[in-house]
Amino acid sequence: MEQGTYLQGKYQLVEKKNLAKNTYDFTIAAKEMAELAEAGQFVHLRVEGFMLRRPISICEIDRSAGTLRIVFEVRGEGTKQLAKINEGEFVDVLGPLGRGFTLLPANQSVIAVGGGIGVPPMLETAKHYQKNATVIIGFRSANAVILNDDFKACGNDVMLCTDDGTMGAKGFVTQALHKRLMEGHADMIYACGPHAMLKGVVELANEFGVPCEVSLEERMGCGVGACLVCACKTVKNGEEYYAHVCKDGPVFPAEEVIFE
Amino acid sequence: MADLRVNIAGVELKNPVIPASGAFGFGREYEKLYPLSKLGGIATKGTTLNKKDGNPPPRIAETPNGMLNSVGLQNPGIEHFIQEELPHLKSCDTVVIANIAGATEEDCVEIARRLEPTDVDMIELNISCPNVKQGGAAFGVHCQSAAHITAAVRRATKKPLMVKLSPNVTNITEIARAVEAEGADAVSLINTLLGMRIDLKTRRPVLKNNVGGMSGPAVFPIAVRMVWQVANAVQIPVVGMGGISAWNDAVEMMMAGAAAVQIGAAIFQDPFAPLKVIDGLNRYCDENGIERISELTGTVKPW
């Protein structure tokens, strides 16, 4: 299949769960998309009554069941409407889109860092490495914690942090990452989360000399690289330019991203 | 099966549906979903003389039934277009309409000169981009400057020349007449309407550029009105756009006076929108005993 192949169609929502307050877990039957999808890619969902599609990262790919799993947070009117779709109903999906994470051989030692709603795209990535992945996930509070058990079920070594200390270690993921990097070697760091978190993660990756890939977010239009609205400042070969999150990303090598 | 062919300034299109400039890149992304040969033509991403970075993000905001964008003409420059995009596009069996823009008149003339020896089918001169500080809409909001730049580009090219008009003017018919008088072979309208959204929490405009161009179904009635006014004011063909998302919108736009239509924002919602419009037009013609779609143009019966 040609690189960058994607599809569009209406796919059935086969399982819907409410993981935490305002956080929803959709399993969508989309066999052909599951075949094509890679860890770190996203799908672009049409929402009834809204002009623009909503980009949601892929949380898990089950090729044998032919399903894609997405986990999203209700942030505005569009995602609120999206969350109203019921099991058995159909969702208009465009995908899989974008460049995902670079997966190394599964015996390599990696660290996946996720903050808040940046945690879901880490699951498919960490699943690949099983016990060789340290997963560092951070949330505001215990009631916002999601996917903790899913990572454990993959055999990952999970370090859970909450800002207020109501579950796991009190503090930020960057503190846990520092601790983990002090303890031993890592071949790669993957990260997705708020801007400040990513910046901190990239600084630590540089300090310890570990390659790092980050997943970015920007207000998006077409989702496929045509309209050029989802610009993010990057640098390649010493030249600064606006890359596009939907097609050049959402995953970028950390050294290419300019954190402003 | 009706005859969907239309003729714009001597160029025959197999059907009257053209993805609008800026919404479709250079076609590569959508070619993964369907062959471009199904389209009447493609208006390519607005291209400037040199590569342009565009505006800082965020560059998009949602509005009721529409959107704002402030891309700011990010593009790889005319040489890249000629070398890397045009040869492929020309192999796709569709009409290639090169949308060009410049900060100065000299730039626009130079771009037209570079396109002259190529096999681009038509030039769409953008004098109406609301998102760049220099050039762009600055040319398109006054009759004199619109006329002047049209005359200059006209002298530089024998290719069919379509001028894309701004709706952000007091009287669009005057601008249309001015560019017609200077040799434009067609006009296309409307470009986006200048708009703004503000985030209540931060009191910041959603767009980093503060303002941006509005498109989508919300602007459709304005576009229909302007196409109707312009079609009644000029003799040259009018290509209508602005908020078309379904076949019935395209029929309405053609009745208002458009010889062909362009589709932009609707593609973001449904990448297949142009093909659905083509199918719908065909069905509409068959059901209504219309043999040639070109018969529809300007058939509105005003009160």
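Predicted model: local features only at pLDDT ≥ 70, side-chain atom pairs only at ≥ 80, totals over all residues.

I started at Arg203(B), which sits in the loop between strand 12 (198-199) and strand 13 (204-205) of chain B. Strands here are DSSP runs of E with at least two residues, helices are runs of H or I with at least four, and both are numbered from the N terminus. Arg203(B) has a positive phi of about 60° although it is not a glycine. Arg203(B) counts as exposed because its C-beta has 7 others within 10 Å; the cut-offs are 12 or fewer for exposed, 20 or more for buried, and partly exposed in between, with C-beta atoms placed from the backbone.

Residues are numbered from 1 along each chain as its sequence is written, while chains are lettered from A and ligands numbered from 1 in the order in which they are written.

Ala9(B) also has a positive phi, about 50°, without being a glycine. I found Ala9(B) in the loop between strand 1 (6-8) and strand 2 (11-13) of chain B. Ala9(B) is partly exposed, because 17 C-beta neighbours lie inside 10 Å.

I looked up Val261(B): leaving out residues up to four places away in sequence, its contacts (C-beta atoms, placed from the backbone, within 7 Å) include Pro16(B), Val17(B), Ile244(B) and Met254(B).

Over to chain A. I found 6 helices and 15 strands there. Its C-alpha atoms fill a box of roughly 50 × 45 × 35 Å along the principal axes. Of the 260 residues of chain A, 53% are buried.

How does chain A divide into domains? The assignment, automatic or from a database, gives domain 1 (7-97), domain 2 (110-215) and domain 3 (218-260). In chain A, 8 residues of domain 1 are in contact with 7 residues of domain 3. On the domain 1 side, strand 3 (42-45) and strand 6 (90-97) of chain A each give two or more residues. That side has 5 nonpolar, 2 polar and 1 charged residues. For these classes, Ala, Val, Leu, Ile, Met, Phe, Trp, Tyr, Cys and Pro are nonpolar, Asp, Glu, Lys and Arg are charged, and the others, Gly among them, are polar.

I also went looking for cis peptide bonds. The bond from Gly95(A) to Pro96(A) is cis, with omega near -5°, and Pro96(A) is in strand 6 of chain A. The bond from Gly249(A) to Pro250(A) is cis too, with omega near 10°. Pro250(A) lies in the loop between strand 14 and strand 15 (251-253) of chain A.

Last entry: where do the chains meet? The contact takes 25 residues from chain A and 28 from chain B. On the chain A side, strand 13 (231-236) and strand 14 (239-244) each supply at least two residues. That side divides into 16 nonpolar, 5 polar and 4 charged residues.

Terms used
Contact = placed C-beta atoms within 7 Å.
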